[in-house]
Amino acid sequence: MKMKALGQTDIMVTDLCLGTMTFGAQTDVAGAHRQLDMALDGGLNFLDAAEMYPVNPIRAETVGRTEEIIGEWFAKTGRRNDYVVATKHSGAGFAAVRDGAPISGATLDATIEGSLKRLQTDCIDLYQLHWPNRGSYCFRQNWTYDPAASEQTRADVLANMEEVLEGLKAHVAKGNIRAFGLSNESAWGTAQWLQLAEKTGGPRVQTIQNEYSMLYRMYDTDLAELSHYENVGLLSYSPLATGLLTGKYQGGAAPEASRLAVSRSHGGDDLGGRLTERALAAVAAYLEVAKRHDLDPVHMTLAWCNTRPFMASTIFGATSEAQLAHILEGKDVVLSDAVLADINAVHKAHPMPF
């Protein structure tokens, strides 16, 4: 694996990152702790969490449990400094914390202190805002989100950003956080954060954590340009498109204990809007590329993500230790020009399938 800096910082991370959103739900404590051991042993040094985790399902009574499980592992092993730790502040509308209050200067203190306590650490390496207060094109909202329908004016948005930056600056000064990142953001939003950081001396945006995979390439245009010129790297989540790109859901399958099976047991049925006929057709084409080049589809998919010029690290989740072991087996896969050309051809034939 390669090591990359988070934006303009000196924080170096592996190009694969262990996602932890199943810790405390689909992955029990013992399994989560073994995954943390395995990832380190496999060469990873980066993990990503959030105050709202675990998910699938999200429940008020389990908010923060993932961070607690990670903190328990730090306390047990004494290996806190072996990992670069990222976590997130939930955004507006998440009723399970702060009654859905938006991110503001007033919410930062208790939220950051809560994460520090649960993680049993005195510093968060990368602190991220989970989604913007004003709304987002992410989570399949790209089909419906209309900035013109927002009740927030441009002045409202910028005033809130400036207030949040002032609060974050205080936590950087206290040593509570080392770097600041965004999640589920747009090019316009990120540009405003960057400009305001210059104006106020607040912490600069170093990373953006957005969904990105061979099936979902919205980052490829304006955000890719912003990444290049501003040195803000992408932390891609759902690089396997919630498991679609493994091929396990082809033909209507829903393997036991899979994300789809668990989601259906709680009333969900389409992997957050990703499970469409067009997506399954695209997956079939990508699986054919992997077969043609004698590649494992999981290894091909993650290796492709890390060929992207704006990628800081690719965040993957593994429900089980077997899944994690399989991913680690492909951590050093390098794709040929022929494979990349075939992937691009499939993308042109199957753009934005969900």
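I began with the secondary structure and counted 11 helices and 10 strands in the chain. I noted at the outset that this is a predicted model.

Next I looked up the overall dimensions. Along the principal axes, the C-alpha atoms fill a box of roughly 55 × 50 × 40 Å. I then asked why the radius of gyration agrees with that of a compact globule. A compact globule of 354 residues would have a value near 20 Å, and the chain has 19 Å, so the two agree.

I turned to burial and surface. Of the 354 residues, 55% count as buried, where buried means under 20% relative accessible area. The accessible surface comes to about 14500 Å². Carbon and sulfur atoms account for 51% of that surface.

I also examined the contacts along the sequence. Among contacts between residues at least 6 apart, 78% join residues at least 24 apart.

For the charges, I recorded 31 positive and 42 negative ones. Their mean positions lie 1 Å apart.

The largest nonpolar core holds 83 residues, and L18, Y83, W193, L215, L244 and I343 touch the most other members.

Leaving aside neighbours within four places in sequence, I listed the contacts of L244 as L215, Y249, L271, R274, L275, A279, L280, V283 and F354.

Technical notes:
Residues are numbered from 1 along each chain as its sequence is written. This is a predicted model: local features need pLDDT of at least 70, side-chain atom pairs count only at pLDDT 80 or more; totals for chains, interfaces and linings use all residues. Side-chain values use heavy atoms; hydrogens and water are left out. Helices (H or I, at least four residues) and strands (E, at least two) are DSSP runs, numbered from the N terminus. The radius of gyration is taken over C-alpha atoms; the globule rule is 2.2 Å times the number of residues to the power 0.38. Buried means under 20% relative accessible area, exposed over 50%, partly exposed in between (1.4 Å probe, protein chains only). Contact means heavy atoms within 4.5 Å. Accessible areas come from the Shrake-Rupley method with a 1.4 Å probe; for residues, only the protein chains shown count as cover. Lys and Arg count as positive and Asp and Glu as negative; His and the chain ends are not counted. The place of a charge is taken as NZ of Lys, CZ of Arg, CG of Asp or CD of Glu. A nonpolar core is a set of buried Ala, Val, Leu, Ile, Met, Phe, Trp, Tyr and Cys residues joined through side-chain atoms within 4.5 Å.
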